[in-house]
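Here is a briefing on one protein chain. Please look over the sequence and the fold before reading the notes.

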Amino acid sequence: MAQIVSVHSFRGGTGKSNLVANLAATMANQGQKVGIVDADIQSPGIHVLFGFNEEKIHYSLNDYLWGRCSIKDTAYDVSHTLLTEMKQTGNINGKLYLIPSSIKAGEIARVLREGYDVVKLNDGFQELIRCLNLDYLLIDTHPGLNEETLLSIGISSILVIILRPDSQDFQGTAVTVDVARKLKVPKMLLVVNKVLPAFDFADLQKQVETAYKTPVAGLMPLSEEMMQLGSKGIFCLRHSEHPINQTVKGIVQQIANAA
């Protein structure tokens with residue numbers, strides 16, 4: 001059975017989209033069929049990591065929500081991106097599909113003004129799993145808590161919450177964890193990102209797990225290489241020996257174990 005994995009943060013700027021892209025690429029590279037939905041419709045951006053721009057997006061998630069196309073029409077096979085990022089030729093073991101949201105100002109304004117049918121969004125998720133025969137559907141959510149985010153959290157098999165070692169993030173994450181428990185999400189994992197090297201990683205993990213009574217799947221160090229890349233590619237494919245890549249593989253394994 002396919003697993004729906006929502007990746008969420010209470011605040012923006014946590015590195016959520018980068019985490020989603022790297023998790024999905026790692027899963028596909030390991031032979032899984034993976035879909036990514038950019039459900040951050042108000043401020044989409046994950047398409048950038050896969051080299052997409054407005055000209056390449058013929059149909060977006062917005063078009064499906066407004067009834068202009070089927071959900072399958074919005075799915076782009078970006079499996080070739082993995083080979084390009086690794087500077088390899090041939091075939092990869094799995095498949096990776098991207099369902100982007102529109103980056104047109106008018107489309108974003110319409111969402112902010114009118115909203116959209118969240119039931120139709122849920123139907124689209126299920127249809128994607130069926131028609132693409134997915135093993136995992138990763139949802140890049142909008143930060144904070146609103147109706148569509150609550151839907152994504154509520155239908156998830158696994159919720160991954162990403163936060164920084166920051167007091168505002170800690171407080172917001174406590175709210176998210178509480179809401180997820182009320183929604184009876186089967187499994188929750190925490191990822192702490194942008195951790196300064198001076199921190200005691202083991203102690204920080206213990207503090208976070210004790211505070212939220214939720215396992216920490218990984219602690220990712222603040223990386224100069226990641227900042228230099230600037231979302232212009234998939235970090236774990238370009239820096240296969242970097243400690244962040246090993247952490248991402250560990251998170252993927254914990255997601256697989258939780259499934």
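Two strands count as paired if DSSP finds at least two bridges between them. Helices (H or I, at least four residues) and strands (E, at least two) are DSSP runs, numbered from the N terminus. This is a predicted model, in which local features need pLDDT of at least 70 and side-chain atom pairs count only at pLDDT 80 or more, while totals for chains, interfaces and linings use all residues. Residues are numbered from 1 along each chain as its sequence is written, and side-chain values use heavy atoms, with hydrogens and water left out.

**Sheet**

- Eight strands form an open sheet with mixed pairing, in the order β3-β4-β2-β5-β1-β6-β7-β8.
- Its edge strands are β3 and β8, each of which pairs on one side only.
- Strands of a sheet pair through backbone hydrogen bonds, either parallel or antiparallel.
- Strand β2 (residues 33–38) runs parallel to β4, and five bridges join them.
- Lys 33 has Lys 95 in β4 as its bridge partner.
- Strand β7 (residues 187–195) pairs with β8 in the parallel sense, over four bridges.
- Within that pairing, Val 191 stands opposite Gly 218 in β8.
- A right-handed β-α-β unit is made by β7, α8 and β8. Right-handed means that, with the strands pointing away from the viewer, the path from the first strand over the helix to the second runs clockwise.

- Buried means under 20% relative accessible area, exposed means over 50%, and partly exposed is in between (1.4 Å probe, protein chains only).
- Six of the six residues of β8 are buried, so this strand is largely enclosed by the rest of the structure.
- Leu 219 is found in β8. Leu 219 counts as buried, at 9% relative accessibility.
- Contact means heavy atoms within 4.5 Å. Leaving out residues up to four places away in sequence, Leu 219 touches Val 192, Phe 201, Leu 204, Gln 205 and Thr 247.
- Leu 219 and Lys 194 are 25 residues apart along the chain, and their C-alpha atoms are separated by 8.2 Å.

- Six of the eight residues of helix α3 (residues 79–86) are buried, so α3 is largely enclosed by the rest of the structure.
- Those buried residues are Ser 79, Thr 81, Leu 82, Leu 83, Glu 85 and Met 86. They pack against α1 (16–29), β3 (76–77), β4 (95–99) and α10.
- Lys 87 follows α3 and has a positive phi, near 55°.
- In helix α6 (residues 147–154), the buried residues include Glu 148, Thr 149 and Leu 151.
- The buried residues of α6 pack against β1 (3–8), α5 (118–132), β5 (136–140), β6 (158–163) and α7.
- Thr 149 is buried, at 2% relative accessibility. Apart from residues up to four places away in sequence, Thr 149 touches His 8, Thr 141, His 142 and Gly 144.

**Salt bridges**

- A salt bridge is a side-chain nitrogen of Lys or Arg within 4 Å of a carboxyl oxygen of Asp or Glu. A search of the whole structure finds 11 of them.
- Arg 11 forms a salt bridge with Asp 169, with the closest N and O atoms 2.6 Å apart. Arg 11 lies in the loop between β1 and α1 and Asp 169 in helix α7, so the pair ties together parts that are 158 residues apart in sequence.
- Arg 11 is partly exposed, at 25% relative accessible area. Asp 169 is buried, at 2%.
- Asp 140 and Lys 16 meet in a salt bridge through their side chains (2.6 Å, N to O). This pair links distant parts of the chain, with Asp 140 in strand β5 and Lys 16 in helix α1, 124 residues apart. Both Asp 140 and Lys 16 are buried.
- The side chains of Arg 110 and Glu 114 form a salt bridge as well (3.2 Å, N to O). Both residues lie in helix α4 (residues 105–114), four residues apart, about one turn of the helix.

**Positive phi in loops**

- Lys 213 is not a glycine, yet has a positive phi of about 50°. Lys 213 sits in the loop between α8 (201–212) and β8 (216–221), and is exposed, at 70% relative accessible area.
- Ser 231 has a positive phi too, near 65°. Ser 231 is in the loop between α9 (224–229) and α10 (235–238).
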